[in-house]
Amino acid sequence: MNRSFAESTARERVQHLFDADSFQEILGPGARMVSPHLALLGVPSSFDDGVVVGRARLGGQTVLVAAQEGAFMGGGVGEVHGAKLVGLFQRALIEKPAAVVVLAESGGVRLHEANAGLIAVSEVMRALLDVRALGIPVLMLIGGANGCFGGMGLIARCADCVVMSDIGRLSMSGPEVIESSYGVEEFDARDRALVWRTTGGKHRYLTGDCDVLVDDDVAAFRAAALDTLPCHRALTLDAMEQEHALLADRLVRFGECTDGAQVWQALGIANPLAVPELDARGVRALQTHDSDVPA
Amino acid sequence: MTDNTSMETLHFEFEGAHARTAFAPILVGVVGSGNLEVLIEPAAHSRCQIDITTSARGFGPIWEAVARDFHSRHGLAGVAVSINDMGATPAVVSLRLDQAAASLPGAQDDQP
């Protein structure tokens with residue numbers, strides 16, 4: 001039976017993605033580790049501040065897990081939310097799990113807690129890279145309706161491996177942010193097809209920002225997480241320079257493109273306009289994936 | 001900070017009948033627009049205690065009616081129910097409360 005990843009809550013995703021009954025929550029809702037800022041602004045808090053963290057097993061291996069709840073303030077990273085993520089990564093340095101798996105769904109920094117959220121994002125990145133430096137893989141699973149934007153988009157691209165569904169979106173500035181900064185002529189945020197052609201899972205897979213593309217199904221995400229569990233990517237100066245070269249090359253190759261479909265055409269896809277109609281298997285079969293990814 | 005921007009907190013208590021053995025805290029629902037989260041925890045008393053924090057002010061009597069209805073359906077004892085609400089309608093609140101009660105261990109035994 002297909003269980004939609006996008007339509008599940010963070011807790012449902014954790015429950016069904018990892019081995020049955022293996023999840024042990026850290027700082028669960030009973031701990032009431034809530035935002036110190038929201039109540040002062042007259043905004044309701046959530047008992048877990050919108051992120052579930054803990055320990056679980058994946059195919060029998062112990063992993064540390066975080067899942068962001070997109071329905072609470074768009075998954076926004078506030079002070080406590082960020083601190084829970086940082087604490088989880090720091091715990092990984094001690095417990096040395098098989099991986100840290102993040103079910104990311106976030107619009108980025110929670111604007112009500114802007115400064116604390118921005119600091120939290122940078123702290124999460126530092127903690128994540130410490131974990132990778134120790135050789136522990138970090139996986140990002142992105143398939144929620146709110147996508148993965150802003151600071152959380154940056155965090156996602158710090159990981160070893162990114163798994164997305166076609167519903168998932170990954171970017172720095174969200175569609176509305178681009179439109180309000182540069183005007184509707186530059187980007188029409190209401191054009192949903194355009195939004196997905198430029199930030200959606202298929203586009204990210206074809207350009208190599210996403211390593212594995214799956215259908216919107218919790219079981220498919222689980223299978224992909226199991227497959228990619230040993231996905232350690234070297235965190236070295238050499239790898240960083242390769243990445244920079246890749247990005248510079250991308251700007252040369254695709255800098256004039258105004259739409260994802262033009263990028264796909266430049267990648268050599270015969271019928272780029274048909275891409276949005278393909279399912280995940282169909283997109284994977286296009287196999288342009290390796291062309292833009294450093295070995 | 002004016003009253004218009006602060007949240008309302010409400011507290012209700014009912015004498016319960018169905019005492020609970022210890023259980024792990026249960027959380028259902030999400031604090032999203034028109035939605036709420038309900039946390040049920042064991043408590044060292046014989047009552048059903050309900051604490052509500054809501055962004056929608058001025059609906060105390062309706063909350064009381066919804067809480068009373070919930071208690072008449074389940075009659076829980078020895079539980080603390082905590083709610084974070086973001087403007088859920090009374091019907092949604094009732095469904096979430098029932099969902100939380102149904103998630104209690106051995107909850108099926110309570111159904112009439």
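Guide: A residue counts as buried if 20 or more other C-beta atoms, placed from the backbone, lie within 10 Å of its own, as exposed if 12 or fewer do, and as partly exposed in between. By that test, 37% of the 112 residues of chain B are buried, and in chain A the buried residues make up 49% of 295. The model is predicted, so local features need pLDDT of at least 70 and side-chain atom pairs count only at pLDDT 80 or more, whereas totals for chains, interfaces and linings use all residues. Residues are numbered from 1 along each chain as its sequence is written, with chains lettered from A and ligands numbered from 1 in the order in which they are written.

The setting comes first. Chain A has 11 helices and seven strands (DSSP runs numbered from the N terminus: H or I of at least four residues for helices, E of at least two for strands). The C-alpha trace of chain A spans about 55 × 45 × 45 Å along its principal axes. Among the contacts of chain A between residues at least 6 apart in sequence, 72% join residues at least 24 apart (a contact requires C-beta atoms, placed from the backbone, within 7 Å).

Chain B holds two helices and seven strands, arranged along the sequence as β-β-β-β-β-α-β-β-α. Its C-alpha trace spans about 45 × 25 × 25 Å along the principal axes. In chain B, residues 24 or more positions apart account for 85% of the contacts with a separation of 6 or more.

The two chains also touch: 15 residues of chain A are in contact with 17 residues of chain B. On the side of chain A, these residues comprise eight nonpolar, six polar and one charged (Ala, Val, Leu, Ile, Met, Phe, Trp, Tyr, Cys and Pro are nonpolar, Asp, Glu, Lys and Arg charged, and the others, including Gly, polar).

We now turn to the helices of chain A. The axes of helix α2 (residues 79-95) and helix α3 (residues 114-133) of chain A come within 9 Å and cross at roughly 15 degrees (axes are fitted to C-alpha atoms over the stretch in contact, with angles from 0 to 180 degrees between N-to-C directions). The helices α2(A) and α3(A) are therefore roughly parallel to each other (under 35 degrees; over 145 is roughly antiparallel, 65 to 115 roughly perpendicular and the rest oblique). Among the residues that make this contact are A:Leu85, A:Val86 and A:Phe89 of α2(A), together with A:Ala120, A:Val124 and A:Leu128 of α3(A). The residues of this contact divide into 13 nonpolar, three polar and three charged.

A second pair is formed by helix α1 (residues 10-17) and helix α8 (residues 218-228) of chain A, with axes 9 Å apart and an angle of about 55 degrees. That angle makes α1(A) oblique to α8(A). Here A:Arg13, A:His16 and A:Leu17 of α1(A) meet A:Val218, A:Phe221, A:Arg222 and A:Ala225 of α8(A). This contact has four nonpolar, one polar and two charged residues.

Lastly, helix α6 (residues 192-199) of chain A contains the buried residues A:Val195, A:Trp196, A:Arg197, A:Thr198 and A:Thr199. Their cover includes α5 (175-182), α7 (201-207) and α10 (260-266) of chain A.
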